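Hi,

Here is the structure I promised to pass on. Have a look at it first, and my notes on what turned up follow below.

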Amino acid sequence: MHWQTEGFVLREALYRENDKILTVLTRAEGKRTVAARGARRGGSPLMAAAQPFVYAHMTLFEHRGRLTLDDAEIIDSFHALRADIERLSLAAYLAELCGALAGEVADPALLNLILNACHALAHLQKPPALVKPATEFRMMSLCGFQPTVDACLACGRTPPAEPCLHLGQGGVYCAACRAGLEKGPSLALGADAWQALRHIVHGDARRLFSFALPDSALAALAAAAEAFVLTQLERGFHTLNFYKKLIPLQKS
Ligand SMILES: [Zn+2]
């Protein structure tokens, strides 16, 4: 059976001499594994599309539950990512995170989010330091890990006084309320980062990256986002380790 969908290539693995196995986030059916036969052979019509970060109209052939890419028409390859190792490696991490969270069920909001993140990095040249925490918190929120951010989990005060994020519980507390509670790591957000977190979790998806923060507040937001991902998912990401190794090199 043939079917058509838009899809974003989250990951590629080389297979046999000329093939690739792609992990594709499809609009119709969520995350699927797709064989791209001959995609590494010179002159293959699939060569340009069977690449990470490519968004394309895809014609897929399904036989006994296995998918093969028959044809692809590129919508956006986010080519500018490839000119900047920091943006490229951040996109690789966000794609890996997306792949870890996605299931085999249509999730248009998740697909739109990874596309928006690549658009912000490649076309809008938004700062990676802003795109990373916004995408992390939004993606976690879409996939069943939405933090409770509007009011202190203990006293209900909004805004919380000196807000901090409890990583394990996935919610905010006033610093004083947090001090009297059970153990588990939490990170200070500060008022500005707390406001940004509310915008990220509850705001219009199209305006996700439309905020600005002083450097110190952005650093607090970024630390909280990354620690929240790692704590909630109880795993690490090779692509994240690579990205973090790169940052000091870029700044030096
Ligand atoms: Zn409180």
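Predicted model: local features only at pLDDT ≥ 70, side-chain atom pairs only at ≥ 80, totals over all residues.

On the α3 side, the residues taking part are Ala129, Leu130, Lys132, Pro133, Glu136, Phe137 and Met140. They meet Leu218, Leu221, Ala222, Ala225, Glu226, Phe228, Val229 and Gln232 of α6. Sorted by class, this contact has 11 nonpolar, 1 polar and 3 charged residues. As for the geometry, α3 covers residues 128–142 and α6 covers residues 215–233, and their axes come within 9 Å and cross at roughly 40°. The two helices are therefore oblique to each other, and α3 passes α6 in a left-handed crossing.

Helix α3 has another partner, α5 (residues 190–202), with the axes 8 Å apart and a packing angle of about 50°. That pair is therefore oblique as well: α3 against α5. The crossing of α3 and α5 is right-handed. Here Ala134, Phe137, Arg138 and Ser141 of α3 meet Leu197, Ile200 and Val201 of α5, and the residues split into 5 nonpolar, 1 polar and 1 charged.

Now for α1 (residues 85–101) and α2 (residues 108–122). How do their axes cross? The angle is roughly 175°, and the axes come within 10 Å. Angles over 145 degrees count as roughly antiparallel, so that is how α1 runs relative to α2. From α1, the contact takes in Arg87, Leu90, Ala91, Leu94, Ala95 and Cys98, and from α2 it takes in Leu110, Ile114, Ala117, Cys118, Leu121 and Ala122. By class that makes 11 nonpolar, no polar and 1 charged residue.

Zooming out, the protein chain has 7 helices and 8 strands. Its C-alpha atoms fill a box of roughly 65 × 45 × 30 Å along the principal axes. The radius of gyration is 20 Å, which agrees with the value near 18 Å that a compact globule of 252 residues would have.

The domain assignment gives domain 1 as 2–76 and domain 2 as 85–251. Their centres, taken over C-alpha atoms, are separated by 30 Å. Where the two meet, 14 residues of domain 1 are in contact with 15 residues of domain 2. On the domain 1 side, the strands β1 (2–15), β2 (19–26) and β3 (30–36) each supply at least two of the touching residues. That side of domain 1 divides into 7 nonpolar, 2 polar and 5 charged residues.

Finally, two backbone spots to look at. Most residues other than glycine have a negative phi, and most peptide bonds are trans. Which peptide bond is cis here? A cis bond joins threonine 158 and proline 159, with omega at about -5°. Proline 159 sits in the loop between α3 and β6 (164–166). The other spot is glutamine 125, a residue other than glycine with a positive phi, near 55°. You will find glutamine 125 in the loop between α2 and α3.

Cheers

Note on methods: Residues numbered from 1 in each chain as written. Axes fitted to C-alpha atoms, helices over the stretch in contact; angles between N-to-C directions. Helix = DSSP H or I, 4+ residues; strand = E, 2+ residues; numbered from the N terminus. Parallel < 35°, antiparallel > 145°, perpendicular 65-115°, else oblique. Contact = placed C-beta atoms within 7 Å. Nonpolar A, V, L, I, M, F, W, Y, C, P; charged D, E, K, R; others polar. Domains from an automatic or database assignment. Left-handed = near helix turned anticlockwise from the far one by under 90°. Rg over C-alpha atoms; globule rule 2.2 N^0.38 Å.
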